[in-house]
Amino acid sequence: MSVMDYKRITIVCGHYGSGKTNLALNMAYEQKAAGLNVSIADLDIVNPYFRTKDSIDELNRRGINLICSDYAGTNLDIPALPDEMYAVTDRKDENFVLDIGGDDRGALALGRLAPQIIAENDYSMIAVVNMYRPLTRDCLSTVEVLREIEYAGGINFTAIINNSNLGTDTTASDVKKSVDYAREISAMMKLPIIATSADARLKGELDGEIDDLFYIELQNSLVNKEC
Amino acid sequence: MADKVLMKGNEAIAEAAIIAGCRHYFGYPITPQTEVAAYMAKKMPKIGGTFLQAESEIAAINMVYGVSSAGKRVMTSSSSPGISLKSEGLSYLAGADLPAFVVNVQRGGPGLGGIQPSQSDYFQATRGGGHGDYHMIVYAPASVQEMASLTVKAFETADKYRMTSMILADGTMGQMMEPVDLESLKVNPAPEKPWATTGTEMKREHNIINSLYLKPEQLEKVNFERYERYKTVEANEVMFEEYLMDDAEICVAAFGIAARVSKNAINAARAKGIKVGMIRPITLWPFPKDVFKKYAQQAHTFISVELSMGQMIEDVKLATECKAEYLLCNRVGGMIPLPEQVLEDIEKAAKGGAR
């Protein structure tokens with residue numbers, strides 16, 4: 001039973017390096033596993049690296065359609081959006097997970113789709129937060145960044161996912177220490193925390209310790225391998 | 001244990017620079033170093049510092065010249081093509097004996113090249129890059145923690161020797177995320193700078209910052225004096241890491257991401273009973289000549305693992321006086337060697353394949 005209550009469109013937004021791509025991929029995996037027809041749309045116009053496209057083999061294996069600029073993962077470093085992005089609002093018989101670029105600059109990409117998404121009203125706009133990132137270590141700074149994202153993207157957040165982590169070095173204690181941080185943001189923004197996400201390898205240590213855990217498989221990349 | 005933060009290498013450089021007392025950043029965005037500028041843009045206004053996106057790289061490096069002349073800690077950052085543009089300014093900084101901190105997060109070249117990691121600016125960094133006789137102190141971090149700690153170190157040595165210190169990182173180091181302990185960074189206060197143009201208050205003669213000498217005898221003299229100072233740097237500032245070198249018959253030479261890949265290959269080779277170790281230069285200039293020379297008595301083969309067509313291998317040969325056998329293990333154009341490729345070359349060397 002998933003902690004997520006998926007709407008037709010799940011928009012994954014957050015500050016730079018908060019872990020949006022890993023979360024978006026896992027949300028797509030879970031929906032697909034539940035038998036839903038789901039696509040993932042990479043609308044990152046900020047970072048040319050660490051894209052959903054890096055997981056293209058895994059997405060193909062699971063039969064999940066990837067909507068992504070042709071230039072992601074190439075040497076052409078331009079903020080390009082895929083022409084297929086309009087499928088998000090056109091193909092209403094399908095679910096979508098939108099992986100949006102970091103900070104307010106990344107959220108700009110949402111602007112073109114925002115009016116239709118809001119009019120249809122079958123979406124969740126997720127704020128991904130990580131207290132271990134240098135510019136969002138306290139609640140006030142985090143809320144400030146989230147407000148900038150809402151302003152740039154033209155959609156208000158509907159929920160928070162606490163994705164506080166220190167990469168592959170994260171311990172169960174690191175995750176537990178972040179709970180209060182997420183609660184304070186939740187109180188400040190009057191938004192529910194729908195999940196605390198953590199690396200699946202911490203399952204044994206975290207089960208029963210925190211409510212609404214969402215375990216994620218980390219995206220494979222060369223840098224993540226032990227070297 | 002101190003609290004850690006999860007940082008990209010580029011962010012770690014920016015935060016460490018602020019911790020080191022740098023309040024002046026001038027740059028021009030370029031992938032894969034853009035997060036340095038982006039971080040400074042967010043942070044500097046909040047702490048009373050200056051972030052300025054200049055109209056070009058050439059403008060940025062000359063702004064660095066200006067602030068350094070006024071005696072303040074200052075920096076700029078870029079990636080390979082941008083450093084080429086800044087090279088004239090680097091030469092002027094050297095000619096005026098000004099301390100500065102410069103970051104090069106390298107990408108594949110030559111030309112516009114690509115945005116994936118590379119180490120092919122080794123010659124440019126260690127030989128000066130710009131015109132004239134000069135050196136920079138060049139640091140090669142191999143972790144995000146070192147991106148931070150070597151940034152602090154670079155500010156200190158720049159001030160101490162009145163030189164430009166450079167972090168020469170590859171794109172991987174700039175982009176990868178690792179936990180960093182910022183609280184462990186210890187910073188020595190900047191030294192007095194009686195040469196700086198801080199206003200005479202009618203109490204002293206004018207300080208003049210310049211790299212123009214009207215008489216060739218005078219220009220020759222300052223060049224000789226500068227190289228005497230470089231000798232002190234070579235004597236005091238060499239940094240390297242030795243890995244499993246005690247009984248090594250094969251020595252891998254690698255820095256940055258290549259050293260991390262090599263470590264995996266060395267562990268795999270050790271498991272197969274091959275006596276192999278690594279010398280990881282942390283300063284590329286001054287190059288750790290002595291340790292290489294020492295192990296040339298013991299190791300029969302040196303394998304230089306580089307993301308270039310073979311640049312550091314020349315320094316390895318010079319340091320070991322060409323007394324051993326040499327192999328170049330490389331990938332270029334933004335590609336990174338896999339541990340398997342390095343292991344293959346180690347096995348080849350073990351079988352005497354380099355001869």
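This is a predicted model: local features need pLDDT of at least 70, side-chain atom pairs count only at pLDDT 80 or more; totals for chains, interfaces and linings use all residues.

Q: Which ones are buried in helix 1 of chain B?
A: Gly9(B), Asn10(B), Glu11(B), Ala12(B), Ile13(B), Ala14(B), Glu15(B), Ala16(B), Ala17(B) and Ile18(B).

Q: Staying in chain B. How do helix 3 and helix 4 of chain B pack?
A: Helix 3 (residues 57-69) and helix 4 (residues 80-95) of chain B have axes 8 Å apart, at an angle of about 30°. That is under 35 degrees, so helix 3 of chain B and helix 4 of chain B count as roughly parallel.

Q: Left-handed or right-handed crossing for helix 3 and helix 4 of chain B?
A: Right-handed.

Q: Which residues meet there?
A: From helix 3 of chain B, Glu57(B), Ile58(B), Ala60(B), Ile61(B), Val64(B) and Tyr65(B). From helix 4 of chain B, Gly82(B), Leu85(B), Lys86(B), Glu88(B), Gly89(B), Leu90(B), Tyr92(B) and Leu93(B). By class, the contact of helix 3 with helix 4 of chain B has nine nonpolar, two polar and three charged residues.

Q: Where does Ser78(B) sit?
A: In strand 4 of chain B, residues 74-78. Its relative accessible area is 0%, so Ser78(B) is buried.

Q: What is Ser78(B) in contact with, leaving aside neighbours within four places in sequence?
A: Ile30(B), Gln33(B), Glu57(B), Ile83(B), Lys86(B), Val103(B), Asn104(B) and Val105(B).

Q: Now sheets. What is the strand order in the five-strand sheet of chain B?
A: The order is 9-11-10-13-14, in an open sheet with mixed pairing. Strand 9 (240-243) and strand 14 (325-330) of chain B are at the edges, each with a single partner strand, so one side of each has no neighbour in the sheet. The twist averages 20° from one strand to the next.

Q: How many bridges join strand 9 to strand 11 of chain B?
A: Four, and the two strands run antiparallel. Tyr243(B) stands opposite Met278(B) in strand 11 of chain B.

Q: Which strands does helix 9 of chain B lie across?
A: Strand 9, strand 10 (250-253), strand 11 and strand 13 (301-306) of chain B. Helix 9 (residues 257-271) of chain B runs at about 165° to strand 11 of chain B.

Q: Over to chain A. What is the order of its eight-strand sheet?
A: It is 3-2-4-1-5-6-7-8, an open sheet with parallel pairing. Strand 3 (65-68) and strand 8 of chain A stand at the edges with a single partner strand each, so each has one side without a neighbour in the sheet. On average, neighbouring strands of this sheet are turned by 25° against each other, direction ignored.

Q: How many bridges pair strand 7 with strand 8 of chain A?
A: Four, in the parallel sense. Thr196(A) stands opposite Leu213(A), and Ala198(A) has Tyr215(A) as its bridge partner.

Q: Which way do the residues of strand 8 of chain A point?
A: Leu213(A) and Tyr215(A) point one way, Phe214(A) and Ile216(A) the other. All are buried.

Q: How do helix 6 and helix 8 of chain A cross?
A: At roughly 50°, with axes that come within 10 Å. That makes helix 6 of chain A oblique to helix 8 of chain A. The crossing is right-handed.

Q: Which residues make that contact?
A: Cys139(A), Leu140(A), Thr142(A), Val143(A), Leu146(A), Arg147(A) and Glu150(A) come from helix 6 of chain A. Helix 8 of chain A brings Tyr181(A), Glu184(A), Ile185(A), Met188(A) and Met189(A). The contact of helix 6 with helix 8 of chain A divides into eight nonpolar, one polar and three charged residues.

How values were computed: Residues are numbered from 1 along each chain as its sequence is written. Chains are lettered from A and ligands numbered from 1 in the order in which they are written. Side-chain values use heavy atoms; hydrogens and water are left out. Buried means under 20% relative accessible area, exposed over 50%, partly exposed in between (1.4 Å probe, protein chains only). Axes are lines fitted to C-alpha atoms, for helices over the stretch in contact, and angles run from 0 to 180 degrees between N-to-C directions. Angles under 35 degrees count as roughly parallel, over 145 as roughly antiparallel, 65 to 115 as roughly perpendicular and the rest as oblique. A crossing is left-handed if the near helix is turned anticlockwise from the far one by less than a right angle, and right-handed if clockwise. Contact means heavy atoms within 4.5 Å. Ala, Val, Leu, Ile, Met, Phe, Trp, Tyr, Cys and Pro count as nonpolar, Asp, Glu, Lys and Arg as charged, and the others, Gly among them, as polar. Two strands pair if DSSP finds at least two bridges between them.
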